[in-house]
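This report goes through selected helices, contacts and backbone features of the structure shown here.

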Number of protein chains: 2
Amino acid sequence: MSNQALQNDLFLRALRREPVERLPVWLMRQAGRYLPEYNATRKRAGSFLQLCQSPELACEVTLQPIDRYGLDAAILFSDILTIPDALGLGLHFVEGEGPRFHRRIESAADIQSLPGPAAMESLRYVADAVGLIRKTLNGRVPLIGFSGSPWTLACYMLSGGSSGDDFLTARKWMYSQPVLVDELLAKLVEHVSAYCQMQIEAGAQTIMLFDSWGGLLPASQVSRFSLQPLSRIVHSLRAARPDIPVIVFVKGGGHWAEQVVSETGCQAIGLDWTVDLGRVRDQVGRQVALQGNLDPAVLLGSPAEIRAQARRVVESFGTRVSGVGHIFNLGHGISQFTPVDHVHHLVEAVAEASTQAA
Amino acid sequence: MSNQALQNDLFLRALRREPVERLPVWLMRQAGRYLPEYNATRKRAGSFLQLCQSPELACEVTLQPIDRYGLDAAILFSDILTIPDALGLGLHFVEGEGPRFHRRIESAADIQSLPGPAAMESLRYVADAVGLIRKTLNGRVPLIGFSGSPWTLACYMLSGGSSGDDFLTARKWMYSQPVLVDELLAKLVEHVSAYCQMQIEAGAQTIMLFDSWGGLLPASQVSRFSLQPLSRIVHSLRAARPDIPVIVFVKGGGHWAEQVVSETGCQAIGLDWTVDLGRVRDQVGRQVALQGNLDPAVLLGSPAEIRAQARRVVESFGTRVSGVGHIFNLGHGISQFTPVDHVHHLVEAVAEASTQAA
């Protein structure tokens, strides 16, 4: 990892809630199927998993949206399910059906026999990708590392893959075997912590934790199964590296924003498109930065509409404090159907709206 | 429709927020695949759609859960997509993939050429089912009629069926062609109103409007695309029949409960499993009844756990006012994997918890 000075630190300054001259912008899943250059690299890789596992190719696609759009942060190209794969569940992808595992967690014995955090060593290829990306970026923009959250990983591990029924199987476990689920989550806290620590040591300058399915939890269980495990990870990472901010994104959890902030100790929260940024800002005050929340469907509309909606998101945060703690992003991953030039319109519109509003 | 006196009016009294000696309970999708007698009738019908379209068989399955469990309300057996089917879109079901239409709405011309509310006459089989169910129930419990909401119907009609991407296509329309979406919703308001009116005339004693996908809307758009169309339906139904209560269920919209109540003018709201009943009660005050919100996954657990969670839901409403405006239900449809005897445990537990708490 090189220690080059950052040429563009808008993203890190916004995370620290320092004033910025323009809102930083990056997009969840920014290296993805809407980009022709991504599809070309993926074809060379053979499969999505082979693309994740090759540091050179993962580095290549990570930089593609930075080169094309001049975005203000890069995010490691990988998958949230690398950890269960490293634990021996056998990740694979079925065309049109999403991720699947060859085996799933079915018993207490399955949980107890899961390997410890040393198993993360088999994800060394991720650290190698991080190191290579940092070197190749050469200080252009900061690099974000990431992991799935314990609850979200548990959802997939208990259900055996993606789900058409809101992870009914995982929710059944939560009610009928809560202590076993605690045990599984405790193991995953160790794995996620070790995995993120490895990414930080390799050069990740921010960590984002994706709790994609925290919004499926009943209000009474959110703390125990989603937020407390996240809190243990945030505190372990911050104890070792207080200079590395952590972003927590609980999809569908925007209405618990205050609880996410107070329980996890994170430095920023991600917000999906269903909540109003200004309302969340009123709730959480000045404690954390907010990242989000444009609906990815907006990018399928006309350039004029994209500009109008981007401005609306910027203004919803509150024009008087624009740029103090807001990172512009989508509320969910960019759609594969997004026309490539539409992202140019978005980036320009955010720049215009945020410099005028500042 | 016979005018027989009701032998069990707990459900209607709870809807009016009158005191009850025991909480009424019914379950969304209570006539469904977890019941062996349902599967036997469905087999005789040939297909799900043929089952919906036969008043005799629809009546038979509607009464099955009443006979087996002594639930406090019956709900018409039908599908939320009967209206788009009547509008000529060609509803069919693909095994394991959910509903599909032979054609979808793709242009302004497609919207403008949709037939008017007279097309609901082709759903006369639904009214016939309602009449037959009322006659067969013979006053045992009240009968609920229902419809999908305009926004939810529009989601399916614009996407061509169920969706693996949170109805991205419908959300694209909302941003890029909002006036056309208004036009589509205005037509659907007329259709849904006429359809519910037909059910009321045939004997439905309550109407429930299912906005299954309202929770996908950005906060800034909820009023325009979900709640205002619902409000026009509620007001049209109530103007004609102020004695018939209307329940509005916006799945994923529990955190807008106050707005749902104030904007739609409904008499009760349905709540999914992610919200806390007591918190919602504090927000909406005494204006409406609340229906919900046990996680259907609870019914896959042990009898002891089912009893504990049922008690928790009853108590979360607030023990001092238990029975004043609470209708016990699930937060979503019952799972096909529910063991049939588990519903007995649930019904008993609600009775015990609510009579003790009263």
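In this predicted model, the cover over the buried residues of H9(A) includes helix H8 (150–159), H10 and H11 of chain A, together with helix H14 (303–317) of chain B. H9(A) is mostly covered, with seven of its nine residues buried. Those buried residues are Leu168(A), Ala170(A), Arg171(A), Lys172(A), Trp173(A), Met174(A) and Tyr175(A).

**Helix pairs**

Two packed helices are described by the angle between their axes and the distance between the axes. Two pairs are set out below, one from each chain.

| Helix pair | Axes come within | Crossing angle |
|---|---|---|
| H10(A) and H11(A) | 9 Å | roughly 30° |
| H4(B) and H7(B) | 8 Å | roughly 45° |

Angles under 35 degrees count as roughly parallel, and H10(A) and H11(A) are therefore roughly parallel to each other. Their crossing is right-handed. From H10(A), the residues that meet H11(A) are Val181(A), Leu185(A), Leu188(A), Val189(A), Val192(A), Ser193(A), Cys196(A) and Gln197(A). Their partners in H11(A) are Phe225(A), Pro229(A), Arg232(A), Ile233(A), Ser236(A), Leu237(A) and Ala240(A). The contact of H10(A) with H11(A) divides into 11 nonpolar residues, three polar and one charged.

In chain B, H4(B) and H7(B) are oblique to each other, and H4(B) passes H7(B) in a right-handed crossing. On the H4(B) side, Pro55(B), Glu56(B), Ala58(B), Cys59(B), Thr62(B) and Leu63(B) take part. They meet Tyr125(B), Asp128(B), Ala129(B), Leu132(B), Ile133(B), Thr136(B) and Leu137(B) in H7(B). This contact of H4(B) with H7(B) has nine nonpolar, two polar and two charged residues.

**Helix H7 of chain A**

Helix H7 (residues 124–137) of chain A has 14 residues, and its span from first C-alpha to last is 20 Å, close to the 20 Å expected at 1.5 Å a residue. Its buried residues are Val126(A), Ala127(A), Ala129(A), Val130(A), Gly131(A), Ile133(A), Arg134(A) and Leu137(A). An α-helix has 3.6 residues a turn, so residues three or four places apart point the same way. The elements of chain A that cover the buried residues of H7(A) include helix H4 (55–69), strand S1 (74–75), helix H5 (82–86), strand S4 (143–148) and helix H10 (178–202). Just after H7(A), Asn138(A) takes a positive phi of about 55°.

**Backbone geometry**

Most residues other than glycine have a negative phi, and most peptide bonds are trans. Arg17(A), which is not a glycine, has a positive phi of about 60°. Arg17(A) is found in the loop between helix H1 (10–15) and helix H2 (36–45) of chain A, and counts as partly exposed because it has 19 C-beta neighbours inside 10 Å. Phe167(A) likewise has a positive phi, near 50°, and lies in the loop between H8 and H9 of chain A. Phe167(A) has 23 C-beta neighbours inside 10 Å and therefore counts as buried.

In chain A, the peptide bond from Gly292(A) to Asn293(A) is cis, with omega near 0°; Asn293(A) lies in strand S8 (residues 289–294). In chain B, a cis peptide bond joins Gly292(B) and Asn293(B), with omega about 0°. Asn293(B) is found in strand S8 (residues 289–294) of chain B.

**Two residues of chain B**

Phe328(B) is in strand S9 (residues 326–330) of chain B. Phe328(B) counts as buried because it has 28 C-beta neighbours inside 10 Å. Leaving aside neighbours within four places in sequence, Phe328(B) is in contact with Leu23(B), Pro24(B), Val25(B), Val313(B), Val314(B) and Val350(B). Phe328(B) and Ala14(B) are 314 residues apart in sequence, and their C-alpha atoms are 9.9 Å apart in space.

Ser236(B) has its place in helix H11 (residues 222–240) of chain B. With 17 C-beta neighbours inside 10 Å, Ser236(B) counts as partly exposed. Its C-alpha atom is separated by 26 Å from that of Arg29(B), 207 residues apart along the chain.

Key
Residues are numbered from 1 along each chain as its sequence is written. Chains are lettered from A and ligands numbered from 1 in the order in which they are written. This is a predicted model: local features need pLDDT of at least 70, side-chain atom pairs count only at pLDDT 80 or more; totals for chains, interfaces and linings use all residues. Axes are lines fitted to C-alpha atoms, for helices over the stretch in contact, and angles run from 0 to 180 degrees between N-to-C directions. Helices (H or I, at least four residues) and strands (E, at least two) are DSSP runs, numbered from the N terminus. Angles under 35 degrees count as roughly parallel, over 145 as roughly antiparallel, 65 to 115 as roughly perpendicular and the rest as oblique. A crossing is left-handed if the near helix is turned anticlockwise from the far one by less than a right angle, and right-handed if clockwise. Two residues are in contact if their C-beta atoms, placed from the backbone, lie within 7 Å. Ala, Val, Leu, Ile, Met, Phe, Trp, Tyr, Cys and Pro count as nonpolar, Asp, Glu, Lys and Arg as charged, and the others, Gly among them, as polar. The expected span of a helix is 1.5 Å times one less than its number of residues. A residue is buried if 20 or more other C-beta atoms lie within 10 Å of its own, exposed if 12 or fewer, and partly exposed in between; C-beta atoms are placed from the backbone.
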